[in-house]
Amino acid sequence: MVNIPKGTKDVLPEESYKWHYVESIVRKIADKYNAKEIRTPTFEHTELFLRGVGDTTDIVNKEMYTFKDKGDRSITLKPEGTAGVARAFIENGLKNSAMPLKMYYITPVFRYERPQAGRLREHHQFGVEFYGSSSADTDAEVILLAYDILTALGLHVKLKINSMGCPECRSAYNKALRAYFADKKDGLCETCLTRLDKNPLRILDCKVDTCKETVADAPVITDYLCDDCRAHFEKLKGLLATAGLDFEVDPHIVRGLDYYTRTVFEFVTDSLGSQGTVCGGGRYDNLIGQLGGGSVPGVGFGMGLERVLMLMEATGVKIPEDGEVSLYFATMGERAYNKAFYLASALRRAGVKCEIDHMERSVKAQFKYSDKLGAKYVVTIGDNELDSDRVELKKMSDGSVVTLPLEGFENAFKGFLNDN
Ligand code: ATP
Ligand code: MG
């Protein structure tokens, strides 16, 4: 027996309706914002992520599934959704589209992490990417889109926002961080000591307890914003307030990816332990440029769908199941089975969800099975029904029975459904 790889999950037939539900809500609301789906490959050239995600991030340093293919190319399974979309945008000349270009995706994401509840090696993200506008109202719209989805799914989560400024503000801030940490090196982990050198901002995102303590009194980026970045942040806050969204400014949110500029945000919950971030995103005005596509601003987020489903479960949100079987054919004998087989295929083509025995069950066992399926109606067909051309249709919820003709039953049943 070969087992499933660590950190991956099957979605079994009895639970796939939950994914359908979440995905349908996500698509419906993305459409309300006029975002269109983009699909990019599951793997890309490794270099895309080195350049796009940033080589001082945990994702690139520790978490990527990278391998050589048979043509000796270095290939990486998507460790996030944004870089692939940026590559597709550049490669397909989407810069010439009417802006803003609003895109969304649903994709598997691969990260070599220590598996635990809410942290998998293959998880799935819904994400959006709005390209072409550098205005704070696009940031606000993207945040609202995420909020609308989480709300439609029955979730109540907290919105935290921050600004990471532009490279100009960040260089002043990095200087301040280096000065702050200079005499606190004892409180930093090994990795953070190298971060101090290369990218001190990453220290703020460290999950090690001693680092978290050391970080607590560090200078905050919001004190180092240039006038333009400050104005952008103020405008965003005003728009979110206008839209009636509660939020908290958390100057310690820096996000795990290097490409962010200005706005960053997270939707967080206390109900999932330390895997409490269900959605994270922000603005990345330099990403397209970094990848060689010229100056195109962008803003977006990634929402972890496993965490969304876990939170729905944890907070008792009821998820409607896929439609039940409308009609079950219980049959006796081969002649009856052939008739039912014909009727079932005709009704399925006419849009009715129906089921028929495949296991040569007795009539009694067929009724039991129809009950298991949750069939709304059961029609019984045997020699008597074939000879008399009449069948009894039983409504399972109350046991009531109506008689319908067997010849043309497919139309009679559809008519009956319309009237009832
Ligand atoms: P975390 O801080 O929890 O590691 P992250 O900052 O690495 O999250 P992002 O890269 O922003 O996460 O990904 C967007 C969302 O995808 C996260 O908010 C989370 O909901 C989900 N996510 C990220 N990594 C995993 C994982 N390994 N397993 C399940 N969901 C994940
Ligand atoms: Mg992570």
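**Notebook: salt bridges, cysteines, a pocket, domains**

I started with Asp387 and Arg335, whose side chains form a salt bridge at 3.5 Å, N to O; the term stands for a side-chain nitrogen of Lys or Arg within 4 Å of a carboxyl oxygen of Asp or Glu. This pair joins distant parts of the chain, with Asp387 in helix α14 (residues 383-388) and Arg335 in helix α12 (residues 334-349), 52 residues apart. I take helices (H or I, at least four residues) and strands (E, at least two) as DSSP runs, numbered from the N terminus. Asp387 is exposed at 59% relative accessibility, while Arg335 is partly exposed at 49%. For these words I use under 20% relative accessible area for buried, over 50% for exposed and partly exposed in between (1.4 Å probe, protein chains only).

Before going on, a note on the source: this is a predicted model, where local features need pLDDT of at least 70 and side-chain atom pairs count only at pLDDT 80 or more, while totals for chains, interfaces and linings use all residues. Residues are numbered from 1 along each chain as its sequence is written, chains are lettered from A and ligands numbered from 1 in the order in which they are written, and side-chain values use heavy atoms, with hydrogens and water left out.

How many salt bridges does a search of the whole structure find? I get 24.

I looked up Glu141 and Lys102 next, a salt bridge at 2.6 Å, N to O. Here too the pair links distant parts of the chain: Glu141 is in helix α5 (residues 136-152) and Lys102 in strand β5 (residues 101-110), 39 residues apart. Lys102 counts as buried at 17% relative accessibility, and Glu141 as partly exposed at 26%.

Then I checked Asp357, which pairs with Arg361, their closest N and O atoms being 3.0 Å apart. Asp357 is buried, at 4% relative accessible area, whereas Arg361 is partly exposed at 28%. I also noted a network of salt bridges that links Arg27, Glu37 and Arg39.

**Cysteines**

My search of the whole structure for disulfides (cysteine sulfur atoms within 2.5 Å) gave 0. Cys169 is in none, and its nearest cysteine sulfur, on Cys166, is 3.4 Å away. Is Cys169 buried or exposed? I find it buried, with a relative accessible area of 2%. Cys189 is in no disulfide either, with the sulfur of Cys211 the nearest at 3.7 Å. Cys189 counts as buried at 15%.

**Second largest pocket**

I put the second largest pocket at about 450 Å³. A pocket here is an open set of points on a 1 Å grid over the protein atoms alone, where a 1.4 Å probe fits, with protein on both sides within 12 Å along at least five of seven lines; lining residues have an atom within 4 Å of a point. The volume is the space filled by probe spheres set on the points, which are joined across faces, edges and corners.

I find 19 residues in the lining, and Glu15, Lys18, Trp19, Leu309 and Glu313 lie nearest the centre. α1 (16-32), β6 (122-131) and α11 (305-314) each supply at least two lining residues. α11 gives the most, with 5.

**Domains**

Last, I checked the domain assignment (bounds from an automatic or database assignment). It gives domain 1 (16-166 + 226-314) and domain 2 (327-419). I note that their C-alpha centres lie 49 Å apart.
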